[in-house]
Amino acid sequence: MSEIPEEANFTNIEQFLEPLKLFYKSLCSCGDRPITDGSLLDFLRQVSTFGLSLVRLDIKQESDCHIDVLDAITKHLEIGSYREWSEEQKQEWLLSELSGKRPLFGSDLPKTEEITDVLDAFNVLAELPADNFRAYIISMATAPSDVLAVELLQHECHVKQPLRVVPLFEKLADLEAAPAALARLFSVDWYKNRINRKQEVMIGYSDSGKDVGRLSTAWKLYKAQEELIKVAKQFGMKLTIFHVVVGLLEEEVVQLILLYYLNHQKLLSNHLGRSTCALEHSSVL
């Protein structure tokens, strides 16, 4: 156990850089440039680049796991089964709880091992500095409630600086429904204020390819991206599309992505300032 009081610990880059910058300026004012422009300047650059954790981590969890947690909560509160509610009921309840101040559950919540694992992950997010993390990714995302569910769990677990929530649409039906899901989220004032008009979306190639085959998947992905861009432009959002490529089709899919963006440079340039699509390629082996 460390004897250093918790309030004396550095929890973000700005806190850590403040005395270092003061030290740098002090040495410069004394004419010690050879010292400041050597190891000290290198260290300042390293801290600015890598932060306190060296690498910022993404958290990834399947949407069904969040549904299990919320289903356990609603059953414990005796207000029904969250899993059996319609999408409209889920959204209404989630937004109501996001605006509320009372705790949603306590230590008496019945938990399975899986539910405990999910809540433990959120508790870790609440305990560690925000600089350690990048985004919370929801795999197998299907609807707006999947995004709002993660927002609510971050709220209930007292995550001081909530991670941005990134839905990963993988199956073909979910990709086709993604534009409507984003449109619904963007129409919610609470959510628009939360994301500051910036949204990241991931699209997956593996499961959609299994659904209908390569050629049909390529066309559906092409159309889905166009529709997502239109929705972002309609609501004045900056959209980042992250392509998740898995398996043996990687080279073919990367070629498809590049072809799509090369053919749509003019379309994308018209959206700059209002809707921005950033291309990233993630290869999962």
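A salt bridge here is a side-chain nitrogen of Lys or Arg within 4 Å of a carboxyl oxygen of Asp or Glu. Keep that cut-off in mind for the first stops. The model on screen is predicted.

**Stop 1: Glu 97 and Arg 102**

Select Glu 97 and Arg 102. Their closest N and O atoms are 3.0 Å apart, and the two residues form a salt bridge. Glu 97 is buried, with a relative accessible area of 8%. Arg 102 is partly exposed, at 47%. The structure holds 13 salt bridges. Side chains of opposite charge can pair when their charged atoms come close.

**Stop 2: Glu 151 and Arg 194**

Move to Glu 151 and Arg 194. This is another salt bridge, with the closest N and O atoms 2.9 Å apart. Which helices does the pair link? Glu 151 sits in helix H6, and Arg 194 sits in helix H8 (residues 189-195). The partners are 43 residues apart, so the link joins distant parts of the chain. Buried or exposed: what is Glu 151? Glu 151 is buried, with a relative accessible area of 4%. Arg 194 is partly exposed, at 23%.

**Stop 3: a charged network**

Zoom in on one of its pairs. The side chains of Arg 134 and Asp 58 meet in a salt bridge, at 3.0 Å from N to O. Arg 134 belongs to strand S2 (residues 133-139) and Asp 58 to strand S1. They are 76 residues apart, and the pair links distant parts of the chain. Arg 134 is partly exposed, with a relative accessible area of 22%. Asp 58 is partly exposed too, with 34%.

**Stop 4: a nonpolar surface patch**

Show the surface. Select Phe 50, Leu 54, Val 55 and Leu 57. These residues form a nonpolar patch on the surface. Together they have about 420 Å² of accessible area. Pick out Val 55. Where is Val 55 placed? Val 55 lies in the loop between helix H2 (33-50) and strand S1 (57-62). Val 55 is exposed, with a relative accessible area of 54%. That label applies because the value is over 50%.

**Stop 5: helix pairs**

Switch to a cartoon view. Two packed helices are described by the angle between their axes and the distance between the axes.

- Start with helix H1 (residues 13-29) and H2. Their axes come within 10 Å and cross at roughly 170 degrees. That makes H1 roughly antiparallel to H2, because the angle is over 145 degrees. H1 passes H2 in a left-handed crossing.
- Next, select helix H3 (residues 63-76) and helix H6 (residues 144-156). These axes come within 10 Å and cross at roughly 55 degrees. H3 is therefore oblique to H6. The crossing of H3 and H6 is left-handed.
- The axes of H4 and H6 come within 9 Å and cross at roughly 25 degrees. H4 is therefore roughly parallel to H6, the limit for that label being under 35 degrees. H4 passes H6 in a left-handed crossing.

H6 is also the helix that holds Glu 151 from the second stop.

**Stop 6**

What is the phi of Asn 196? Phi of Asn 196 is near 55 degrees, a positive value in a residue other than glycine. Arg 197 is not a glycine either, yet has a positive phi of about 60 degrees. Most residues other than glycine have a negative phi. Asn 196 is exposed, with a relative accessible area of 55%. Arg 197 counts as partly exposed, at 38% relative accessibility.

Step on to Lys 198, in strand S4 (residues 198-204). At 52% relative accessibility, Lys 198 counts as exposed. Finish by selecting Leu 239 together with Lys 198. How many residues apart in sequence are Lys 198 and Leu 239? They are 41 residues apart in sequence. In space, their C-alpha atoms are 6.1 Å apart.

Conventions. Residues numbered from 1 in each chain as written. Predicted model: local features only at pLDDT ≥ 70, side-chain atom pairs only at ≥ 80, totals over all residues. Heavy atoms only, no water. Patch = residues over 30% accessible without salt bridge, like charges linked within 9 Å, V, L, I, M, F, W, Y side chains within 5 Å. Areas by Shrake-Rupley, 256 points an atom, 1.4 Å probe, with all protein chains shown as cover. Helix = DSSP H or I, 4+ residues; strand = E, 2+ residues; numbered from the N terminus. Buried < 20%, exposed > 50% of the residue type's maximum accessible area, 1.4 Å probe, protein only. Axes fitted to C-alpha atoms, helices over the stretch in contact; angles between N-to-C directions. Parallel < 35°, antiparallel > 145°, perpendicular 65-115°, else oblique. Left-handed = near helix turned anticlockwise from the far one by under 90°.
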